[in-house]
Amino acid sequence: MTQTASPAIELRGISKAFGTVQANKDITITVPKGTIHGIIGENGAGKSTLMSILYGFYRADSGQILIGGRETAIPDSQSAIRAGIGMVFQHFKLVPNFTVLENVILGAEDGALLRPSLSKARKELARLSKEYGLDVNPDAVVEDLSVGHQQRVEILKALYRQAEILILDEPTGVLTPAEADHLFRILRGLREQGKTVILITHKLREIMAITDNVSVMRRGEIVGTVKTAETSPPQLAELMVGRKVLLRVEKTPARPREVVLEAKGLRLTRGGVELLKGVDLTIRRGEILGLAGVAGNGQSELLKVLGGIARAEGTITMNGRPFTDPREAGIAHVPEDRQHLGVIMDFTAWENMAFGYHRHFAKGALMDNKTLRDETAEAMKRFDVRPLLPDLVIKNFSGGNQQKIVVAREIERNPDLLLIGQPTRGVDIGAIEFIHKQIVALRDQGKAILLVSVELDEIMSLSDRIAVMCGGRIVGERDPATTNEKELGLLMAGVNDEAA
Ligand code: ADP
Ligand code: MG
């Protein structure tokens with residue numbers, strides 16, 4: 001028995017390379033027992049690699065792991081579980097057509113599907129659910145559960161295996177704000193019971209809200225470990241990115257000019273459901289119009305209609321004229337669903353740059369690949385895409401860099417109107433700042449921008465004018481300088497606009 005409690009986890013000098021990529025370099029971290037320890041860093045900083053080493057998926061090239069003060073070899077995940085470590089995966093590993101109960105006991109020590117062990121497990125599951133506020137129905141089939149509930153099953157699964165240390169890798173990326181709040185309550189409950197939690201995220205707000213200590217990773221290294229109470233978002237952002245980062249968007253007041261796009265009476269019905277119920281919209285040169293709304297209220301459809309991906313009844317004009325091909329009419333489109341509509345994952349960066357406007361580069365019947373490659377390299381440099389390799393296949397770039405490539409492609413087309421959906425989804429802080437600056441710069445060149453985002457912060461800080469959608473209609477318009485999140489939230493929820 002030790003007198004002073006040993007730290008739950010101590011990592012000493014952990015290094016790990018994949019070929020020439022040094023994913024982790026001499027990492028040393030101490031995590032006290034009963035605390036929530038944040039690990040923050042941009043995409044590719046090495047967070048998941050480090051946790052995979054702790055969970056026995058990868059073996060470190062060098063370094064030591066101490067669990068509860070004792071050096072522990074973790075050659076595989078069974079060893080990690082025996083050492084009391086549980087992992088909640090970014091992409092869940094549950095069996096979709098099994099029940100919660102079956103999933104929880106699957107692979108556990110006495111997990112053979114015997115009736116006695118099932119009923120014992122059921123009792124234990126009920127106890128854990130109650131103790132940690134993880135209410136899930138043990139007999140529900142996993143595929144019928146929401147993502148938030150599936151995550152709770154993952155947590156239960158770890159607790160059932162008597163985890164004392166719980167690792168969560170980017171757990172809120174897939175959650176609604178309300179589900180994320182619920183998860184945080186659960187994590188606080190775990191801490192109260194003396195469990196140790198490692199929370200990996202690239203969201204500063206989450207670090208500030210829930211962690212006790214935070215380690216910042218950059219390019220495979222720990223660049224600082226601080227007490228959360230003694231740090232601030234700007235300081236963490238600077239540590240993450242390696243330079244000062246503007247967390248607020250800097251822009252001068254808009255000077256809107258003539259109308260670029262005008263849409264009237266847009267109606268769209270799919271499968272008998274009216275998704276757009278008569279939308280009128282006007283966007284002017286020199287302004288950013290933000291479209292706020294809870295996901296699923298018609299914003300996505302509106303963006304697709306204007307981008308020419310979906311068809312609606314009604315009229316749309318660009319610069320006063322009707323059109324058939326949005327691109328020819330001067331509309332560029334960064335789609336919400338980057339992975340399905342924005343890029344072709346197996347194609348290279350330069351091929352993706354060409355995607356959607358081959359004609360521009362056509363030389364007779366042949367496409368001029370050399371010009372295209374060179375222009376892509378130039379654009380990648382301007383947009384700070386890393387790594388600067390036009391021949392790299394898109395799926396090998398991080399999400400943030402994929403997004404920069406799509407944004408670069410669309411902005412380079414010099415459009416009159418840029419439609420941009422969820423511009424910073426899955427994008428890290430340095431890249432968010434960069435993309436926001438590009439949007440504002442485009443506006444200042446006299447272009448029009450229609451921004452759709454589920455991040456109300458982003459809408460508030462970037463827009464010159466905010467339209468709110470609810471139930472397939474634009475239910476109100478606000479000036480970002482005089483409105484607030486509460487007022488917008490009410491409009492988004494369909495509370496009548498008449499009063500204000
Ligand atoms: P994070 O979780 O912070 O986004 P990762 O740990 O996933 O970062 O990745 C760190 C670096 O290691 C990245 O450059 C990534 O491309 C590389 N990497 C991660 N896993 C592998 C792997 N299995 N093979 C090769 N490179 C990898
Ligand atoms: Mg990761």
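**Entry 1, cavities.** Which helices each supply at least two residues of the lining of the largest cavity? I was working on a predicted model, in which local features need pLDDT of at least 70, side-chain atom pairs count only at pLDDT 80 or more, and totals for chains, interfaces and linings use all residues. I kept to residues numbered from 1 along each chain as its sequence is written, chains lettered from A and ligands numbered from 1 in the order in which they are written, and side-chain values on heavy atoms, with hydrogens and water left out.

I found that α5 (147-160) and α6 (177-192) are the elements that each give at least two residues to this lining, helices being DSSP runs of H or I with at least four residues and strands runs of E with at least two, numbered from the N terminus. The largest share, four residues, comes from α6.

I listed the lining as Gly148, Gln151, Arg152, Leu175, Glu179, His182, Leu183 and Ile186. By a cavity I mean a set of points, on a 1 Å grid over the protein atoms alone, where a 1.4 Å probe fits but cannot get out, with lining residues having an atom within 4 Å of a point. The lining divides into three nonpolar, three polar and two charged residues, where Ala, Val, Leu, Ile, Met, Phe, Trp, Tyr, Cys and Pro count as nonpolar, Asp, Glu, Lys and Arg as charged, and the others, Gly among them, as polar.

The space in the largest cavity is about 40 Å³, a volume being the space filled by probe spheres set on grid points joined across faces, edges and corners.

**Entry 2, ligand 1.** I then looked up the residues around ligand 1 (a heavy atom within 4 Å), which include Phe18, Glu42, Lys47, Ser48 and Tyr58. By class this shell has five nonpolar, five polar and two charged residues.

For polar contacts (pairs of N or O atoms within 3.5 Å), I recorded a polar side-chain atom of Thr49 at 2.5 Å from an oxygen atom of ligand 1, and a backbone N or O atom of Gly44 at 2.7 Å from an oxygen atom of the ligand. A backbone N or O atom of Ala45 lies 3.2 Å from a ligand oxygen atom. Taken alone, ligand 1 exposes 560 Å², of which the protein buries 60%, with areas from the Shrake-Rupley method and a 1.4 Å probe. β2 (21-31) and α1 (47-54) give two or more residues to the shell, and α1 gives the most, with three.

Technical notes: 1 Å grid on protein atoms, 1.4 Å probe; cavity = no way out; pocket = protein on both sides within 12 Å on 5 of 7 lines; lining within 4 Å. Polar contact = N/O pair within 3.5 Å; in protein donor to acceptor, adjacent residues only side chain to side chain.
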